[in-house]
Amino acid sequence: MSQHHDTTESCLACVDILLDSYLANSCAGRGKQTRTCMKKIKMLSHLILLCSSSILFSCRKEATKADSLQFERYDRVTPRSVILILSDDHRYDFMGFTGKVSDLRTPNMDRLALEGAHCVNAFVSTALCSPSRASILTGQYAHTHTIVDNQAPMPPDLKTFPQYLQRNGYATAFIGKWHMGDQDDQPQKGFDHWVSFRGQGDYYNPTLNVDGKKVEFRDSAYITDVLTDYALNWLKNKTPDRPFFLYLSHKAVHANFSPATRHVRTYAKTQVQYPPSMFLTASDTSKTFGLSRNQIRNETTSLKVNLQDIPDWVRKQRYSWHGVDYMYDNTIDFNSFYKQYLETLLGIDESIGQLLDHLKSVGLDKSTLVIYMGDNGFSFGEHGLIDKRHMYEESMRIPLLVWCPELIVTNTKISEMVQNIDIAPTILELAGIKKPEQMQGDSFVPLLVGKEIPWRDKVFYEYYWEDAFPQTPSIFGVRTDRYKYVFNHGVWGINELYDLQSDPYEVYNQIRDPGYRELAQKLRDEMWTWLDSTGGSQIPLKRILNPKNDHLYRGTY
């Protein structure tokens, strides 16, 4: 029996004793009508007590829940409004100002970098949608928050930074792709306003969940535009006297890429840039993508390469769902894929511009802090691969731009290694809230304002094998400002060590070199120490319900 039930019973017994005593003294010698009235009073008293007890118990339960979200505030900090814009699978160097793609124009991303800060060395701790999004929200590594892949459930007691903001008086809104913990679109804790969709959603004519109500779009409504409109409407109609947090989480640029109608064929004549490592694992039957054999040979011979120690799983993945020779079961052409990605990205850039224009129109463009970032990177042919998941630079690095004219000096370049786990404590500091003890990242606000502080000299990485995409093994590793150690777990194959200073394309694996043996051991030990010290030594294992779906073993159990 619950404590609530026992307490209520005791109170009812006390009420009975008191009322019986009153009835005995006050109703003696009186008529039946008076005694009937007093019995009704007794019943009503019981009802009032029961209702009061229930309300108090509910309030106590809610108070207990709220108390579990305890936090400390900084003194004399005015909470700052924040907009977080997240894109999907946007690699770190595909922005106009980087010059990586000569034709690419992203004027609004360029503006964020020019007028704000560009975090040049920004990384995710897991290059996969759900784990990375959970790390952004919780400030924790994937093995800590336990959303280690796109199917792992979201723990009911998980604490996210919007919950702290909401508790601290912020108006909060989530608009866009959730894709964390499950495939549902139901409103989540920490947000006053909710707009989302199930799973990956649709680029055109989406169906949205708007504060629990289903809203269907027609007439070729484009998802990036629709989400941006919802974001602008919320900004225009929110309570004006409260700080706000807007989380705009775009579907773009997730495959299959689909640009807005106005952007289709914008880059049809763009020259595709094939990375130098694209053909290192090619065979005589591999696709050439319009290049001659001599052109391919010239590309590869200019590199210092260790062909022997390219991991076997990398070679095999070339001819798979995530490889250039068999992309998405050979249903799409690489060159078209590349150009459609660039075109789809344009909608994101326009969305950023619309939000910045709105802030200026209402006089909030100086004080509001805007963060733009990707949830992970994306490969376009490097090592013969597409997609993410692995630990190569194009997968684990992300674009990260921060803009706030009254706080950040223009054209700031932050070279320190910042991770997705740092977003939550950073936004909380801007709100005047000290970092909760369960968060593993750190606030980089001091870096944004030009302060020199002790900072990490390495970042750690983890990815857990998925049955849906078995071609990539579990991967753990560590990256310093110069070296990268990759531990390929669960496969009979070689690990990897790269000197990023002399080998930026990661094509010369130094793992066998006696001169690097001590370094490799040191980095591996640091990786294991990180996993041991943060509770990450247990590989998660989940029941697999479906038959295999890869092209080699499809349909088998």
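**Reading a sheet and its helices**

User: How many strands form the open sheet, and in what order?

Analyst: Strands of a sheet pair through backbone hydrogen bonds, either parallel or antiparallel. Here, 10 strands form an open sheet with mixed pairing, in the order β7-β6-β5-β4-β8-β1-β9-β12-β2-β13. From one strand to the next, the twist averages 15°. Strands are DSSP runs of E, at least two residues; helices are runs of H or I, at least four; both are numbered from the N terminus. Two strands pair if DSSP finds at least two bridges between them.

User: What should I know about the model itself?

Analyst: This is a predicted model: local features need pLDDT of at least 70, side-chain atom pairs count only at pLDDT 80 or more, and totals for chains, interfaces and linings use all residues. Residues are numbered from 1 along each chain as its sequence is written, and side-chain values use heavy atoms, leaving out hydrogens and water.

User: How many bridges join β4 to β8?

Analyst: Six bridges join β4 (residues 171-176) to β8 (residues 244-249), and the two run parallel. Take phenylalanine 174: its bridge partner in β8 is tyrosine 247.

User: Which strands does helix α3 lie across?

Analyst: Helix α3 (residues 107-115) lies across β2 (117-119), β9 (369-374) and β12 (400-403). The helix runs at about 65° to β12. Axes are lines fitted to C-alpha atoms, for helices over the stretch in contact; angles run from 0 to 180 degrees between N-to-C directions.

User: How do I describe the packing of α3 and α10?

Analyst: Two packed helices are described by the angle between their axes and the distance between the axes. The axes of α3 and α10 (residues 334-361) come within 7 Å and cross at roughly 55°. The two helices are therefore oblique to each other. Angles under 35 degrees count as roughly parallel, over 145 as roughly antiparallel, 65 to 115 as roughly perpendicular and the rest as oblique. Among the residues that meet are Met109 and Leu112 in α3, with Leu345 and Ile348 among those in α10. Contact means heavy atoms within 4.5 Å.

User: Where is the pLDDT below 50?

Analyst: pLDDT is the predictor's confidence in each residue, from 0 to 100. The chain has a mean of 90, and 88% of its residues reach 70 or more. Over residues 1-15 the pLDDT is below 50. Residues 47-66 stay under 50 as well.
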